[in-house]
Amino acid sequence: MADVLPSAPSAFARGDASQKVRQPIPVSKIATYATLIIGGLLALLPFVWMLSWSLMTNSEVIAGRFLPAEPQWQNYLTAWNTAQFSRLMWNSVRITAITVTGLLLFCIPAAYAFARIRFWGRNVIFALFLATLMIPDIVTLIPNLLSVVWISRLSESIFGESGAWLNNWPSLTIPFMASAFTIFLLRQFFAQIPEDLWDAARIDGATHFTFLRFVAVPLARAPIMTTLTFAFIGSWNSLVWPLLVVSNDDWRPIAFGLTKFVQTDAGDEFHLQMAASVIMIIPILIVYFITQKQFTEGIWTGSVKG
Amino acid sequence: MHKRLLFVLLLVVLGVLISPLSAQDDPLASIDPTGQTITYWNEWAGTQQTAMDQIVAMFNESNEYGITLEQQTFGAGAALPDALSAAITTGELPNIGGNAFVGTAQGWYLDDVIIPLDAYVDSPMWGFTEEERAQLDFALIDTNRPAIAPFDGQLLAWPVGVSANVMSVNMSILDELRAAGAIDFEGAPQSFEQFNQAACASTELTAPDGTTAVRGFAMRGSADEMYSFIFSNGGYIFDAATDAYNFTNENAIEAMQFLQDLYANGCAYYPEGGAFANTGEFSLGLNLAAIGSSVGVPFIQQPMDEAGLEIDWINTTVPYTEGSRSLVGFLRGVSIFAGTPEQNLAAWLFIKYWATNADAQRIWTEGAQYQPYNIATREAIAGSDFYTANPQYASFADVLSGGDARLQNPPAHPRSNEVSEAVATLYTNITINGMDVAQAAAEAEAAANTVYNEVKADLAG
């Protein structure tokens, strides 16, 4: 057999762009990208606007300018001090940490039970859980408030003043530790874990708890981070509920600080309002970017071999 | 020795006999507020909050009963009303709440959560002394006594001060118009004709930004703004004789026609950008005149200073006809939410301190920029550095004390805001929508009376 000389790499293989055959870009693709770009810009516009106004003087805001002549960085300091953000931000960190921790502690086992443990009435109970998602939050606001007041009084009568829920962390966190949405999301994931894994774990003597702890939860890192992000954003942004159950600065959340820049009968300070809004969303952006990385990781990577 | 003992015994007996009589005269006499801790929910921010912080600190340090007042500020907007509504539901109420318009206080009264202040005002032991009473302008304070049943003239809220719908007028523009021969009167426009002349002529001028034209009168489109023009034209909005709203009286229609013509002729406009865009644009010299709250001076002056504009401006009334100069006044106030008798009394003692203590009144007036209902404070402020340094405050105070301007208020009831919305719609209809004034007014009148009749039926039921 004659030696076959290795052929010279083709122009294509060399990556010679000049030799590439240019494929026409389909019109539908252009339209799709154009739509996405416009949508992206529209989504971005309010943030750009907020950032821009936060760096303006009040007179520039009133004059309707889009960009500040000279960035007014001191607006952030003024907004921070006026809204007493140091305290409110610390409160929000505490509220969010407790809420998210509680949420994961309660929702992960609940979701696992709905997904992988057969018990009497499982589907009916799960359907009832799902049904609560259909009820608008505003409808349950007052009943929830009355429940919390009743529990607060009961708790106070048993544990004394420190046991009160109102004006205290329990009213801000405990009602949000059981989320039908989170349970639904995680349940869907847990239900998809292959039976092979469960069988393998059982051969090794695993109980449901050890399977949840050492197999299901590590696999569910991505959906857990998703629920964590949602819970964080919900807790960080909450205002109406805290207004109802907290009437002092000890546990007021950061969103409360924004009310300092709303004037009822005299005038507006939009520049400070926007600076305060930017301050408020920075932690959300940080958490979002951290968890976004988790989303991109393969959900099933390394879970099932062969 | 014997006689002295007898004398002491006699005094004790007399004292025992007299004390029930005193208690009968003053049911509050036996209440002891010593050591009470009370809460005050408010919405003060900025300089108003700073002033209130000072007053509360002074009260807590100086009151002889050891009362401690704790403030909870809710910021402005809907935060405080929402929190109070929730508190009414839960029963976790503050001792003092507000500031609120008397219509809101009426709602609280119907919810059975506030107590009228009359017993405290008139209490021989805890009420005002004759000297203090003489210093208080009860003609203003009594605005918060709704006559309608079941309120029956009871004092439901104590005012925090007087503010009003004032018209801010750019005097620099008027000077320019006068120099150009476009207007022929001195000072701010007083008659409707002068106002029309100035507003229309101003649209020929270029604003300080050098690019845009001045745009005449900036309309907000609120009910209070329309009421100001109606009252100042000798009209009325409520007919006590028929116990009904009336927007179709001749002078009211005339005032509305004036506003419609002003808008149609391009001498008035609606600025974009929210409720305070009119005074916001005024602060940049973009219009001749705009109507806003008298406590809004800092929100005009600050952007003006930021933009480096030196505009001579004053706060005055809208134009008026002979004998009809009027201002729509606001006497937002605080109410006492029912607690224990001791807490209620402690809450009253704070209100009394705020209303009568000379330092507290001065601090409050300078910080909050409300016109005082305390005559002594009014006089003291009139000669102060604050008066000189705040010409807009001074110009409004001069109008109030001048004697020819009356403070008028729309009728207050628990659904007053719905009537205000109907009138705001009327304002839009006659300007932007160009509707026939008489027809639009009749429609708004019918809507307002429907609401009012429902209120009366509810209250009677």
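Analyst: Buried area is the accessible area, taken with a 1.4 Å probe, that two parts lose on being put together, summed over both. This is a predicted model, in which local features need pLDDT of at least 70 and side-chain atom pairs count only at pLDDT 80 or more, while totals for chains, interfaces and linings use all residues. Residues are numbered from 1 along each chain as its sequence is written, chains are lettered from A and ligands numbered from 1 in the order in which they are written, and side-chain values use heavy atoms, with hydrogens and water left out.

User: What area is buried between domain 1 of chain A and domain 2 of chain A?

Analyst: Domain bounds come from an automatic or database domain assignment. For chain A, this assignment gives domain 1 (26–72) and domain 2 (83–296). Carbon and sulfur atoms give 81% of the area buried between these two domains. The buried area is about 710 Å².

User: Which residues in domain 1 of chain A lose the most area to domain 2 of chain A?

Analyst: The contact (heavy atoms within 4.5 Å) takes nine residues from domain 1 of chain A and nine residues from domain 2 of chain A. Three residues of domain 1 together make up 61% of what that side buries. They are Met50(A), Trp53(A) and Asn58(A).

User: How many salt bridges are counted between domain 1 of chain B and domain 2 of chain B?

Analyst: Chain B has domain 1 (34–162 + 331–382) and domain 2 (164–329 + 408–460) by the domain assignment. About 950 Å² is buried between them, and carbon and sulfur atoms give 68% of that. A salt bridge needs a side-chain nitrogen of Lys or Arg within 4 Å of a carboxyl oxygen of Asp or Glu. Between domain 1 of chain B and domain 2 of chain B, the count is zero.

User: How far apart in sequence are the parts that the pair of Tyr40(B) and Phe350(B) ties together?

Analyst: Rings of Phe, Tyr and Trp (its six-membered ring) pair if their centres lie within 6.5 Å; planes under 30 degrees apart count as stacked, over 60 as edge-to-face and the rest as tilted. Tyr40(B) and Phe350(B) form a tilted pair, 6.1 Å centre to centre with 45 degrees between the planes. Helices (H or I, at least four residues) and strands (E, at least two) are DSSP runs, numbered from the N terminus. Tyr40(B) is in strand β1 (residues 37–42) of chain B and Phe350(B) is in helix α14 (residues 341–356) of chain B, so the pair ties together parts whose separation in sequence is 310 residues.

User: Is Phe247(B) buried or exposed?

Analyst: Buried means under 20% relative accessible area, exposed over 50%, and partly exposed in between (1.4 Å probe, protein chains only). Phe247(B) forms a tilted aromatic pair with Tyr245(B), 5.9 Å centre to centre and 55 degrees between the planes. Tyr245(B) has a relative accessible area of 3%, so Tyr245(B) is buried. Phe247(B) has a relative accessible area of 1%, so Phe247(B) is buried.

User: Which residues does Gln273(A) touch, not counting residues up to four places away in sequence?

Analyst: Gln273(A) is part of helix α13 (residues 270–296) of chain A. Its relative accessible area is 15%, so Gln273(A) is buried. With that sequence limit, Gln273(A) touches Leu258(A), Phe261(A) and Val262(A).

User: Over which ring does the charged end of Arg252(A) sit?

Analyst: A charge sits over a ring if NZ of Lys or CZ of Arg is within 6 Å of the ring centre and within 35 degrees of the ring normal. The charged end of Arg252(A) is 4.1 Å from the ring centre. The ring belongs to Phe256(A).
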